[in-house]
Amino acid sequence: MPRRISANYNSQLLDVFVNWFDKCYSCVRWDGLFSQFYRLKFGVRQGSVLSPYLFAVYLDDIIDQRAHDLHSLVIIYADDILLLAQSLRELQFMITECERELIWLDMCINVKKSCCMRIGPRYNVSCNSITTVGGALPWVNNFRYLGIVLVKSRTFRCSLSDAKKSFYRSLNAIFGRIGRQSSEEVVLQLMSSKCLPILLYGLEACSLTKSDLNSLDFVVNRFLMKLFKTINLEIIAECRSFFNVPLPSYTILHRANSFMKKYSNCNNVLCKVLAGIG
């Protein structure tokens, strides 16, 4: 357990957690047969309501190591760690500090799943390798973080290509199975509930250009043209209005406003500062 947890939590509550997790056992089921039960000595229960909080407490020391530095930022979501720094020297220092703390927690950085990317005016300039105990981290043109593909650029940008491909893939799978057998209302309901969430996932927190929004609208309009067998945008607009299918640009704007409202009302000081800047 982290070295500071005992000072922040009730000792009796800690005893309950220790007693609870000390009695965790599991087995393997294969083709109706069960293996012998074995004891789980590490980790938290997947799917448990308490697990995210306990894991956050476990990694809390990593954030505390950088809490005093205003030139760098550590973002942790479960076991995904994002380090933001203004220089290579600062980034290397952050990696070393985080790795030292992870080793103390009996954890390590997975070099095969880690990478570095540069955003800013000099995003195309070659950089020296960032080293870890497990090896050097590669510099990449894009990477996925929490389901969003970020790309190197002069400004913060995300890629929509993977989202659009996944949208088309899921939509074609549904439309290919039901085809023209179901009504347009059923097809659009399935698209709204199963496919649009894939296309719009997390985009309310991203900075999208007008071109990005137009490309998302085109994806939906293109399918509606196929569904209603017309290329007339006025007819497509009437169909969207009749079946209550808003364009992605409108949905993202509505979600972004709701997101920023919740973000600015958060008690976290950093959230309030960033909300004021935005």
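This is a predicted model: local features need pLDDT of at least 70, side-chain atom pairs count only at pLDDT 80 or more; totals for chains, interfaces and linings use all residues.
Local features require pLDDT of at least 70, side-chain atom pairs count only at pLDDT 80 or more, and totals for chains, interfaces and linings use all residues. Residues are numbered from 1 along each chain as its sequence is written, and side-chain values use heavy atoms, without hydrogens or water.

The largest nonpolar core has 33 residues. Such a core is a set of buried Ala, Val, Leu, Ile, Met, Phe, Trp, Tyr and Cys residues joined through side-chain atoms within 4.5 Å. Buried means under 20% relative accessible area, exposed over 50%, and partly exposed in between (1.4 Å probe, protein chains only). Residues with the most contacts inside this core include Cys158, Met191, Leu203 and Phe223. At least two core residues come from each of strand 9 (142–145), strand 10 (148–151), helix 6 (161–178), helix 7 (184–200) and helix 8 (210–228). Helices (H or I, at least four residues) and strands (E, at least two) are DSSP runs, numbered from the N terminus. Another core, of 15 residues, lies apart and includes Cys98 and Ile130.

Helix 7 and helix 8 pack at about 160°, with axes 12 Å apart. Axes are lines fitted to C-alpha atoms over the stretch in contact, and angles run from 0 to 180 degrees between N-to-C directions. The helices are therefore roughly antiparallel (angles over 145 degrees). Met191 and Leu199 of helix 7 and Phe223 of helix 8 are among the residues in contact (heavy atoms within 4.5 Å).

Leucine 190 also lies in helix 7. Leucine 190 is partly exposed, at 25% relative accessible area.

Methods: Angles under 35 degrees count as roughly parallel, over 145 as roughly antiparallel, 65 to 115 as roughly perpendicular and the rest as oblique.
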